[in-house]
Amino acid sequence: ACTLQGCAAALPQDARHSLPPPNAITGGCLLGSECRCSDGCCEGTNPMHECTHESAAGSGRRFLPMCSECLVQVSPPGLELLPRFNDHAGLTRRYLRLVQQTVLNTAYEDFESADFDTLRALTMVGPRRLDNIDALIQDVLIRGVPGHFIECGCWRGGASLFAAAAFAVYDALPLPFETGKKSERLVFLADSFDGLPPVDVTQFPADQAHVGTDAIAVLKENSVELVERAAKALDVDKRTRFVPGFFNESLPRAIADGTFASQDRSSSSGVVYSGFFSILRLDGDLYQSAIEALHYLYPLLSVGGHIVVDDFTDWSGTRAAIFDYRDRHGLEEPIQITWHDLTVDPERGELTRGIWWTKNTQVGYHPLKDRVVYSEGSVKLPPH
């Protein structure tokens with residue numbers, strides 16, 4: 001069994017099943033290069049081995065092995081509305097639960113057992129990961145962290161539309177902010193709306209395992225028009241902004257043309273908008289998609305904001321990009337986990353898919369003006 005303190009694999013089976021989802025209290029373990037699993041136990045939803053890595057003696061730091069049953073969960077309480085929202089907790093929770101069920105299409109299909117290739121939902125993100133988005137949104141609102149929400153790899157937009165609904169309902173509550181004005185945060189949806197890009201193993205060798213994924217048909221079954229229609233149906237269309245195209249072109253273009261402004265500005269109505277992001281959610285699957293989103297957008301994430309990485313344990317390209325980016329820029333912010341829906345392995349307990357962390361320090365480069373080398377020299381961004 002795993003010897004790491006707090007590791008889910010070290011807990012009794014009953015206790016593992018009842019662990020709460022993490023909320024927005026920082027904690028977790030640091031990633032170290034010597035702790036990367038190489039036996040493939042991170043691939044797929046059912047890890048094959050239990051990691052036996054022990055913390056480095058005398059280092060004063062705990063490291064996080066990258067197999068699902070060894071992702072450490074240290075955030076204390078379960079998900080709850082924070083104190084300032086408690087007077088409206090019942091109605092708020094019922095509304096957001098309804099939005100969850102809408103984007104997951106649970107009235108017409110069982111999300112947990114639905115066929116991936118014929119999924120009719122607006123998102124592949126299950127209820128536990130939507131709860132995680134809700135908790136992080138509550139956190140940035142309560143602490144007054146400036147900025148909007150962006151999802152890179154939104155597919156049919158369900159997770160982003162849920163975020164927009166959460167911002168809308170919390171803005172409607174009588175909550176004073178530090179500025180004395182409503183935040184009216186926007187939700188940006190970045191996606192090719194044409195599936196994954198063809199894998200370029202010459203420039204992005206970490207994507208070798210994902211060759212052919214550009215042919216996955218269901219990932220192309222989306223469009224800006226479909227998401228716009230859903231946004232209008234949920235009455236959040238005024239909060240949504242689209243960033244269409246593959247990330248290597250769409251993200252630098254949005255920075256250059258001012259879509260992602262780097263300074264505060266006021267609208268004609270006097271509402272303050274921040275060009276920074278408070279939450280950055282990555283769901284692009286490939287190394288290329290993840291490293292491009294990180295390079296161009298992490299500098300725009302407010303200090304105190306959160307980054308969420310979906311499918312971390314079962315897309316090796318995404319995982320490699322996170323390692324490379326954190327190593328290259330010396331990031332040591334503690335890593336948190338997000339539980340994977342309601343799936344429970346009879347032997348190992350509830351499984352995990354994603355991670356998130358809170359940004360504590362700014363990175364020292366300009367995403368367009370400064371060229372940065374990743375992946376031992378094979379990846380250079382911006383490329384020209």
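Where in the chain does Asn-105 lie? Asn-105 is found in the loop between helix 2 (89-104) and helix 3, helices being DSSP runs of H or I with at least four residues and strands being E runs of at least two, both numbered from the N terminus. The model is predicted, so local features need pLDDT of at least 70 and side-chain atom pairs count only at pLDDT 80 or more, while totals for chains, interfaces and linings use all residues. Residues are numbered from 1 along each chain as its sequence is written, and side-chain values use heavy atoms, with hydrogens and water left out.

**Overall architecture**

- The protein has 8 helices and 11 strands.
- Of its 384 residues, 56% count as buried; buried means under 20% relative accessible area, exposed means over 50%, and partly exposed lies in between (1.4 Å probe, protein chains only).
- Among contacts between residues at least 6 apart in sequence, 76% join residues at least 24 apart, a contact meaning heavy atoms within 4.5 Å.
- The protein exposes about 16,200 Å², of which carbon and sulfur atoms supply 51%; accessible areas come from the Shrake-Rupley method with a 1.4 Å probe, and for residues only the protein chains shown count as cover.

**Aromatic pairs and charges over rings**

- The structure holds 9 aromatic pairs; rings of Phe, Tyr and Trp (its six-membered ring) pair if their centres lie within 6.5 Å, with planes under 30 degrees apart counted as stacked, over 60 as edge-to-face and the rest as tilted.
- The pair formed by Phe-188 and Phe-277 is edge-to-face, because the ring centres are 5.7 Å apart and the planes stand at 90 degrees.
- This pair links distant parts of the chain, with Phe-188 in strand 2 (residues 187-191) and Phe-277 in strand 6 (residues 277-282), 89 residues apart. Both Phe-188 and Phe-277 are buried.
- The rings of Phe-193 and Phe-242 have centres 6.3 Å apart and planes at 55 degrees, so this pair is tilted.
- Phe-193 lies in the loop between strand 2 and helix 5 (224-233) and Phe-242 in strand 3 (residues 240-244), so the pair ties together parts that are 49 residues apart in sequence.
- Phe-193 is buried at a relative accessible area of 11%, whereas Phe-242 is partly exposed at 22%.
- Tyr-298, Tyr-325, Trp-357 and Tyr-374 are linked into a cluster by ring pairs.

**Helix 6**

- In helix 6 (residues 247-256), the residues Phe-247, Ser-250, Leu-251, Pro-252, Ala-254 and Ile-255 are buried.
- The buried residues of helix 6 pack against strand 1 (148-152), strand 2, strand 3 and helix 7 (287-297).
- Gly-258 follows helix 6 and has a positive phi, near 90 degrees.

**Loop residues and contacts across the chain**

- Pro-146 lies in the loop between helix 3 (127-143) and strand 1, and is partly exposed at 40% relative accessibility.
- The C-alpha atoms of Pro-146 and Ser-278 are separated by 5.8 Å, although the two residues are 132 apart along the chain.
- Thr-361 is in the loop between strand 9 (349-358) and strand 10 (372-374), and is partly exposed with a relative accessible area of 45%.
- Leaving aside residues up to four places away in sequence, Thr-361 touches Val-303 and Glu-333.

**Backbone exceptions**

- Most residues other than glycine have a negative phi, and most peptide bonds are trans.
- Asn-105, which is not a glycine, has a positive phi of about 60 degrees, and counts as buried at 12% relative accessibility.
- Asp-235, also not a glycine, has a positive phi of about 60 degrees. Asp-235 lies in the loop between helix 5 and strand 3 and is exposed at 65% relative accessibility.
- The peptide bond from Leu-381 to Pro-382 is cis, with omega near -10 degrees; Pro-382 is in the segment after strand 11 (379-381).
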